[in-house]
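Visitor: I would like to learn how to read a structure like this one. Please take me through it feature by feature.

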Amino acid sequence: MIDLELKQVSKKYRIRREAEKNASFLRKLMSWRNQRQDFWALKDVSFNVQRAEALGIIGHNGAGKSTILKLLSRITTPSSGEIMINGRLSALIEVGSGFHPELTGRENIYLNGSILGMLRREITRKLDSIVEFAELRQFIDTPVKRYSSGMYVRLGFSIAAHLDPDILLLDEVLAVGDAAFQQKCIQRITELKKSGTTIVFISHDLRAVQKLCDRVILLKSGQIEADGDPTETIALYESSSRNLHAQTRAGAAQEASREAVVTSLGFYDDEGKECLSFRTGMPMKAVLKYKVYKPLVDVMFEVQFYSQEGRFYSFFTSETLAGQIDLQPGEGSIVFDCSAVGLGPGVYFVDTGIRNRSAPFGIDIDWCRRCLAVRIDYDRHLRDTFYMPYICRHSPPTASITEAKDEDVYAEGVR
Amino acid sequence: MIVTPTATLPRDRHPRPIKIIRPVSFSPLDLLRELRGLWHYRDLFYTLTVHRIKVRYKQSVLGLAWAILQPLSLMLIYTVIFSVIAKLPSEGAPYAVFAYAALLPWTFFSTSLTSATTGLVSHSQLVTKVYFPREILPLTYVSASLFDFVIASSFLIALFVYYGVGLTVYALYAIPILVLLTALATAFGLFLSAVQVRFRDIGVAMPLLLQIWMFATPVVYPLSAVPQRLRSIYALNPTVGVIENFRRVMLQGVAPDLHSLATSAIAAAILLPLAYLYFKRVEATMADII
C-alpha cells in the first residue's frame, strides 16, 4: 500500500538578480524580464513511501529537503510532476509558528490546533491530554508571552503530537526542548509509527534519523543521490560532509610539531572525475596529497578500506614501490591506480596516513581515521563477495582461430 | 513519569482522502472543489475571526468602544467641516446622523480592505509554514470588521433615538444591502491581498486609495447632489449603490433605489468569482514569493 508517491517532481524557483545600482530607471524596467534566473530546487524526483514506513530525508543545506517538505505539506505547488497523497497528512514544522503572544495557552491551543487542521470539537476532546503532555496545567490560562521558551516549545509540540494523522511530516522539531521532553517526543512518534502512521522525517540530526527511519533518501542538488538502508545512506552522507582537509588541519598548533600531514585524499573514476561511488570491476584512482615539514627517512603511505562493522578489507600501500621513500620538506602526492575494484557491494570506510616503516604499529606520522566512505555498487559481472579481474579469450570451433585483442575483450567484460 | 497522549485510535477509522498535487492549472471548474475545501476549514475561519476580535481589544482600555469611536470621530470631523463650515445638503436629516449612517457601512468596507490587504503578508510566518486555504486570512479580516460594524450600529440606533428618527419596514432592506457590501469587501479584499503579496506598493497606496474612494461614494454628501450628467459614470463605482441605499432605507425610511442597487449587485456577482479565481492562482506559489 503506497501512502505517498512523487512522480518526476520538479520545482523551479525564479531568482531575480538586482539591477545595477546606477542603471537608469528605464533600463531597469526594460531588463525586468531578463533579470530572472531559474533555479531548480528539485529535478525529476520520484519515490514512494509505503504505509507505516518511516522515511528519512537527509542532505546538505540547499539539497532540496525543505522543498520536498513544502510540496508535501501543500505550502507550495510543483513546477512539474505529480504528487499523490493517500490519507490525512499533517506536518509538524517549526512548532509554535502559529502562536499569538497575547492569547492564553488555552486560546492558543484552539488557534494553533485549527491552523494545523483540527476541528474545534476535536481540540476540546483532546484539550486535557494536550495540556497534560505539555506539563502546563497551572499556566494554561496565562498569555503565552509570559511563557519561557521551553514552555512555548512544549505546548507547540504537544498540540502537534495530538494531530493523529495518517501521514506525519517531521521537520527539525526533535531538536527542541530539554532531554526529558525530547525523549517524550521520540516516544510519541515511535508510538504513532507503531500504530501504522506513515512518517517522513526531514532532518540534519542523523542520529535521530537512524533511530526512527526504516529507509533514508539522500538528496544532492535537488536529485536523489542514494535511497535505501539508513546506515549505508547516512554513512555516505557523512563521508561527503566530512572534509578531510579541515579535519587534518584542525589543530594548527599541533601541526607545527608534526613532521608531515596528509592534506587531502580523493577518489577518481575512469573519466578523472572525483567521486565516492564505484562499481565492482570499475577502475578507481586514489590520490593522496601531503605536506612535509621536516626531512623524513623511510616512510610509507597507506589507504585502507574497512567494512561498516570495522573489519579490515583491503588496502593500497606504497610498499609496492621499489626502493625506500625519503622525503624533503615541501608538498607531494602519491597515486594508487586500481584497474578494477575488487570489493563487493557495500559502504567502506577509509583510513589513510603516513607511517615510518621502522616505527612500531600504531605510531604514525599522520593518520586519518575513517576520513571517507566509499560506496560500491553491484555490477552485472559480480555474483558474490569478490571480483577477480580477468581477461576472457574464446576459441570457437570454426576453421580459422583468431585471438581477440586483449583490450577489447577486457573492456567488454568489465563494463 | 512519562505522560502519553490518549491512545491512538485504530487506523482506517475514517476514509482516507486521496489528494493529487499537480502544477498550477486553475480553471473555473475547480471553483466548486476549492469552495468545498474551504468549507472543510470552517472551524479555522471561526477561530481566527474570534482571535482577530480578541487580539484587537486585548490590552486596550477602551476595548470595544473603539469600534464606535472610529466612525464617530470621523462623523464629528465631517459634521464640523461639511455642515458647520461648508453647509452641504443632507436631505433634511440632521447632518450628524446623515453622515454617521453612511460612515458606518463605509468604515466596515474600508477597514475590511485595509486589514485584509496586509493580512496575508503579516502572516507570512504562517503562510510559509503551514497549509490551509489562504483566503481564510483575508476573509477573517472582513468578518472581524463586520463584528465591529454590528457594535458600531448600536450608536446609530442611539442617534436615531436622540434625533427622533423612526425606522420603517424598509429598514429590512439593510440586510441584503449589507450582504452585498460584504461580498464587495470580500472581492476587493481577496484581490488586493493577493496583489500585495507580490507588490507591496498596494499596502502603501491603500490609505490614499480609500480616501479617494470615499469621496467618490455618497458618504459625506447625498447621491442627489451629484450632477445628473455625471450620474452614469458615477454609478459605475460599485460602492455607490450600497452606501447610498443603506442610508436611504435606514434614515429616510423609503424604498431603495433599485437601479443603483442592481449595479452594485451585478458588480459583486462578477467581481467576487473573478477575485477568488485570481486569488487561488496566486495562492499556488504564494509561499515562494511572500
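Visitor: Which residues touch the most other members of the largest nonpolar core?

Guide: First, the general idea. In soluble globular proteins, nonpolar side chains tend to be buried together. A nonpolar core here is a set of buried Ala, Val, Leu, Ile, Met, Phe, Trp, Tyr and Cys residues joined through C-beta atoms within 7 Å. A residue is buried if 20 or more other C-beta atoms lie within 10 Å of its own, exposed if 12 or fewer, and partly exposed in between, with C-beta atoms placed from the backbone. Now the case: the largest core has 168 residues, and A:V200, A:F201, A:Y348, A:V350, A:A373, B:A99 and B:L184 touch the most other members. Helix α4 (residues 95-122) of chain B gives the most to this core, with 15 residues. Domain 1 (2-239) and domain 2 (244-377) of chain A both contribute, so the core lies between them.

Visitor: How should I take the numbering and the confidence?

Guide: This is a predicted model: local features need pLDDT of at least 70, side-chain atom pairs count only at pLDDT 80 or more, and totals for chains, interfaces and linings use all residues. Residues are numbered from 1 along each chain as its sequence is written, while chains are lettered from A and ligands numbered from 1 in the order in which they are written.

Visitor: What is A:F201 in contact with?

Guide: Two residues are in contact if their C-beta atoms, placed from the backbone, lie within 7 Å. Leaving aside neighbours within four places in sequence, A:F201 is in contact with A:A54, A:G56, A:L170, A:V209, A:L212 and A:C213.

Visitor: And B:A102, buried or exposed?

Guide: Count the C-beta neighbours. B:A102 has 26 of them inside 10 Å, so this residue counts as buried. B:A102 sits in helix α4 of chain B. Beyond four places in sequence, the contacts of B:A102 are B:P218, B:V219, B:I243 and B:R247. B:M75 is 27 residues away in sequence from B:A102, and 9.4 Å away C-alpha to C-alpha.

Visitor: Where is A:L136 found?

Guide: A:L136 lies in the loop between α4 and α5 of chain A. A:L136 counts as buried because it has 21 C-beta neighbours inside 10 Å. Not counting residues up to four places away in sequence, A:L136 touches A:G105, A:V131, A:M151, A:R154 and A:L155. A:I334 is 198 residues from A:L136 along the chain, and their C-alpha atoms are separated by 63 Å.

Visitor: How many helices and strands does chain A have?

Guide: Helices (H or I, at least four residues) and strands (E, at least two) are DSSP runs, numbered from the N terminus. Chain A has eleven helices and 17 strands. Chain B has twelve helices and one strand. Buried residues make up 37% of the 415 residues in chain A. In chain B, 40% of the 290 residues count as buried.

Visitor: Which residues of α6(A) are buried?

Guide: Start with the span. The expected value is 1.5 Å times one less than the number of residues. Helix α6 (residues 179-194) of chain A has 16 residues and reaches 22 Å from first C-alpha to last, close to the 22 Å expected. Its buried residues are A:K184, A:C185, A:R188, A:I189 and A:L192. Seen down the axis of α6(A), these fall within an arc of 135°, so they line one face of the helix. That arc is taken over the directions from the helix axis to the C-beta atoms. The face turned away carries the exposed residues A:A179, A:A180, A:Q183, A:Q187 and A:K194. Cover for the buried residues of α6(A) includes α5 (149-161), β6 (167-170), β7 (198-202) and α7 (206-212) of chain A.

Visitor: How many residues of chain A are in contact with chain B?

Guide: 48 residues of chain A are in contact with 35 residues of chain B. β4(A) gives the most to the chain A side, with six residues. By class, that side divides into 18 nonpolar, 16 polar and 14 charged residues. Ala, Val, Leu, Ile, Met, Phe, Trp, Tyr, Cys and Pro count as nonpolar, Asp, Glu, Lys and Arg as charged, and the others, Gly among them, as polar.

Terms used. Domain bounds come from an automatic or database domain assignment.
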